[in-house]
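The following note sets out points for a colleague's review, to be read with the sequence and the model at hand.

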Amino acid sequence: MKFLLFTIAGLLAVKNNSSIQEETTYVLVKTKNNIALYEHWISGAFNTSIRELKVEFATSAGHEKIIALLKNASRGKDWNKNAVAFNTIVQSDNSWITYIRYRIPWPFDDQDVCMQYHVIPGNKTAHEVHFQSVTSEHFPVNKNVTRVAGAKGKWVFKKSSDGKTEIVYTIATEKSSQVPRWVSDPLVHNNLLDAMDALRKIVED
């Protein structure tokens, strides 16, 4: 997921909330290989609005296989293409911590993120995985790497009538980046879509 942390810290910008009093409607940003990327603004802390991204696509794989891939450290860099480190600490079948470090081109520092994941019990047709950034003694902050904080989101898996799994991925953060949007946006759009496409190919293999 090349430059994925731009998705978390760059594209998901924070702005003053004076012009947005409530959540805006999702707007389609781009589609690629039957994967759709949307964005909208939601209310944040301290009178700010935060951009939230949503990705929607479908796969023939079941939710169990997708969740297994999310916590599989040995395959993490296969779909997070610019990750130089991908580690997980599995706490239980339904809970784990993931650490990812991304190589970012000069002049920007590398970025990393530490996320806590929880599988939310579902039913026969729907399951969810919620995540948020956390601190962990297993993955201390590196002074030469920018740690992304304040991120949260979820994966939602629903079984459709044709037997496929419909996936909705959302993420938002209250941490803004100094990277200009005109620089980060094109990278974010393409690389987030490419990452989801790579994930789908792996789980369908």
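Which residues does Lys71 touch, not counting residues up to four places away in sequence?

1. Lys71. The residues in question are Thr88, Ser92, Asp93 and Trp96, with residues up to four places away in sequence not counted. Lys71 itself is placed in the loop between H2 and helix H3 (76–79). Its C-alpha atom is 7.2 Å from that of Thr98, although Lys71 and Thr98 are 27 residues apart in sequence. As with every value in this note, these come from a predicted model.

2. Overall composition. The chain has four helices and eleven strands. Of its 205 residues, 50% count as buried. The accessible surface of the chain comes to about 10,400 Å², and carbon and sulfur atoms account for 50% of this surface. Among contacts between residues at least 6 apart in sequence, 57% join residues at least 24 apart.

3. Helix H2. In this helix, residues 63–70, the buried residues are His63, Ile66, Ile67, Leu69 and Leu70. They lie on the same side of H2, because they cover an arc of only 160° around the axis.

4. The main nonpolar core. The largest nonpolar core has 38 residues. Helix H4 (residues 181–204) contributes the largest share of this core, namely eight residues. Those with the most contacts inside the core are Val55, Trp79, Val129, Trp155, Tyr169, Met196 and Leu199. Of these, Val55 may be followed in detail: leaving aside residues up to four places away in sequence, Val55 touches Ile35, Ala36, Leu37, Ile167, Val168, Tyr169, Leu192 and Met196. Another core, of five residues, lies apart from the largest one; among its members are Ala85, Ile97, Cys114 and Phe139. In soluble globular proteins, nonpolar side chains tend to be buried together.

5. The pair of Tyr99 and Phe139. Six aromatic pairs are found in the structure. In one of them, the rings of Tyr99 and Phe139 have centres 5.0 Å apart and planes at 10°, so this pair is stacked. The pair links distant parts of the chain, since Tyr99 is in strand E6 (residues 95–102) and Phe139 is in the loop between E8 and E9, 40 residues apart. Tyr99 counts as buried because its relative accessibility is 11%, under the 20% limit. Phe139 is likewise buried, with a relative accessible area of 11%.

6. The pair of Phe131 and Tyr169. With ring centres 5.9 Å apart and planes at 20°, Phe131 and Tyr169 are also stacked. Phe131 belongs to strand E8 and Tyr169 to strand E11 (residues 165–173), so the pair ties together parts that are 38 residues apart in sequence. Both residues are buried. Phe131 and Tyr169 also belong to one aromatic cluster, together with Trp96, Tyr117, Trp155 and Phe157.

7. Ser136. Where does Ser136 lie? Ser136 is in the loop between strand E8 (126–133) and strand E9 (145–148). Is this residue buried or exposed? At 13% relative accessibility, Ser136 counts as buried, because the limit is under 20%. Ser136 touches Ile97 and Cys114, not counting residues up to four places away in sequence. Its C-alpha atom is separated by 9.4 Å from that of Tyr99, which is 37 residues away along the chain.

8. Lys54. This residue lies over the face of Tyr26, at 4.1 Å from the ring centre. The charged end of Lys54 also sits over the ring of Tyr38, 5.0 Å from its centre.

9. Backbone at Asn33 and Asn34. Most residues other than glycine have a negative phi. Asn33, however, has a positive phi, near 50°, and Asn34 has a positive phi of about 65° although it is not a glycine. Asn33 is found in the loop between strand E2 (27–32) and strand E3 (35–43), and Asn34 is found in the loop between E2 and E3. Asn33 is partly exposed, with a relative accessible area of 44%, whereas Asn34 is exposed, at 74%.

Notes
Residues numbered from 1 in each chain as written. Predicted model: local features only at pLDDT ≥ 70, side-chain atom pairs only at ≥ 80, totals over all residues. Heavy atoms only, no water. Helix = DSSP H or I, 4+ residues; strand = E, 2+ residues; numbered from the N terminus. Buried < 20%, exposed > 50% of the residue type's maximum accessible area, 1.4 Å probe, protein only. Contact = heavy atoms within 4.5 Å. Arc of directions from axis to C-beta. Areas by Shrake-Rupley, 256 points an atom, 1.4 Å probe, with all protein chains shown as cover. Phe/Tyr/Trp six-rings, centres within 6.5 Å; stacked < 30°, edge-to-face > 60°. Lys NZ or Arg CZ within 6 Å of the ring centre and 35° of its normal. Core = buried A, V, L, I, M, F, W, Y, C linked by side-chain atoms within 4.5 Å.
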